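Please read them beside the sequence and the coordinates.

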Amino acid sequence: MTPVEGVAVFAAGVGAGAVNTVVGSGTLITFPVLLATGLQPVTATVSNALGLIPGAVSGAFGYRKELRGQRRRILRLSVGALLGGFTGAVLLLALPATAFEKIVPVVVGLALVLVAFQPLITKRLRHRRASAGAGAPDSADAPAPAPAQAQAQAQASARRDGGPLLFVGMTLASVYGGYFAAAQGVIYISLMGVFLDETMQRLTAVKNVLVAVVNTVAATFFLFVADFDWTAVALIAVGSALGGQLGAAVGRRFSPVVLRTLIVTIGTAALVQLLLR
């Protein structure tokens, strides 16, 4: 790697760390740069996964205030992230690159639709839950039947942790993340935005933790079975750690509308790039 290429990889790492912290899709910054230096696609993918771990950790630390009160949720979703990330890493080496990449634009496109229409979807889901609750006895003196109480408790619990649908969806998204990771954060936020009653900033904080889990488990697997370009890993690691702090400092100031617009804009650019590859 020439000095000019090294500077380009480092700069790409800073940009990817910042973008990943706020939105996701930072891989679409570093991956083309690594290919331009002459690395093979698989080597570039595994080197990128390892190099971006410090950026994900840095971004999660930058959002530590938004992580408060979400420990149980994070632990639960991290189990799916670990399993999914490992599965995706195995698929990267077991399947032809074209087999999985054909699905990538569809997954990213669906995630963008969910992010864009998440307020409308959430509003309708809340209306349905309110309508369902209206059928319960409205007498203050009459206790609700046991089945109704159990159903209400189950619904409340599902909104706190997203229920089984969110867990399955996030696990499948983590499979994708362990394989390629482009727009992984967009997919995470789109799913959590539908199933959880939380602000975009708190969802972004959870997303950063889960991305760190997926990158770590995938990179750990790659350490034993794949070849890395350690110069690229080091440059991206340092750059992404700096970018993670930069992204957290800037991204935490965005309003929900601005953040959602940024996610859709960057995600659309990622989708276009994937379609043109």
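1. Some terms come before the points. Ala, Val, Leu, Ile, Met, Phe, Trp, Tyr, Cys and Pro count here as nonpolar, Asp, Glu, Lys and Arg as charged, and the others, Gly among them, as polar. By that division the lining of the largest cavity holds eight nonpolar residues, eleven polar and one charged. A cavity is a set of points, on a 1 Å grid over the protein atoms alone, where a 1.4 Å probe fits but cannot get out, and lining residues have an atom within 4 Å of a point.

2. Basis of the values. This is a predicted model, in which local features need pLDDT of at least 70 and side-chain atom pairs count only at pLDDT 80 or more, while totals for chains, interfaces and linings use all residues. Residues are numbered from 1 along each chain as its sequence is written, and side-chain values use heavy atoms, with hydrogens and water left out.

3. Overall fold. The protein chain has 14 helices and zero strands (DSSP runs, H or I of at least four residues for helices and E of at least two for strands, numbered from the N terminus). Of its 277 residues, 49% count as buried (under 20% relative accessible area; exposed is over 50% and partly exposed in between, with a 1.4 Å probe and protein chains only). Among contacts with a separation of 6 or more, 84% join residues 24 or more positions apart (contact means heavy atoms within 4.5 Å). The chain exposes about 13,100 Å², of which carbon and sulfur atoms supply 69% (Shrake-Rupley method, 1.4 Å probe).

4. Largest cavity. The whole structure contains two cavities of 30 Å³ or more, and the largest has a volume of about 170 Å³ (the space filled by probe spheres set on the points, which are joined across faces, edges and corners). Its lining has 20 residues, with T27, L52, A181, Q184 and N215 nearest the centre. At least two lining residues come from each of α3 (41-51), α10 (163-179), α11 (184-195) and α12 (200-225); α12 gives the largest share, five.

5. Second largest cavity. This one has a volume of about 30 Å³ and is lined by N20, T21, G55, A56, G59, N208 and V211. Two or more of these residues come from each of α1 (3-22), α4 (53-62) and α12, with α4 supplying the largest share, three. The lining divides into two nonpolar, five polar and no charged residues.

6. T21. Beyond four places in sequence, T21 touches G55, G59, Y63, T204, K207, N208, G244, G247 and A248.

7. Nonpolar cores. The largest core has 50 residues, of which M170, Y188, M192 and F222 touch the most other members (a core is a set of buried Ala, Val, Leu, Ile, Met, Phe, Trp, Tyr and Cys residues joined through side-chain atoms within 4.5 Å). Helix α12 gives the most to this core, twelve residues. Leaving aside neighbours within four places in sequence, Y188 is in contact with A81, M170, A173, S174, K207, L210, V211 and V214. A separate core of six residues includes V22, L112, A183 and V186.

8. T220. This residue lies in helix α12 and is partly exposed, with a relative accessible area of 37%. T220 and A49 are 171 residues apart in sequence, and their C-alpha atoms are 9.6 Å apart in space.

Definitions and conventions
On a 1 Å grid over the protein atoms alone, a cavity is a set of points where a 1.4 Å probe fits but cannot get out, and a pocket is an open set with protein on both sides within 12 Å along at least five of seven lines; lining residues have an atom within 4 Å of a point.
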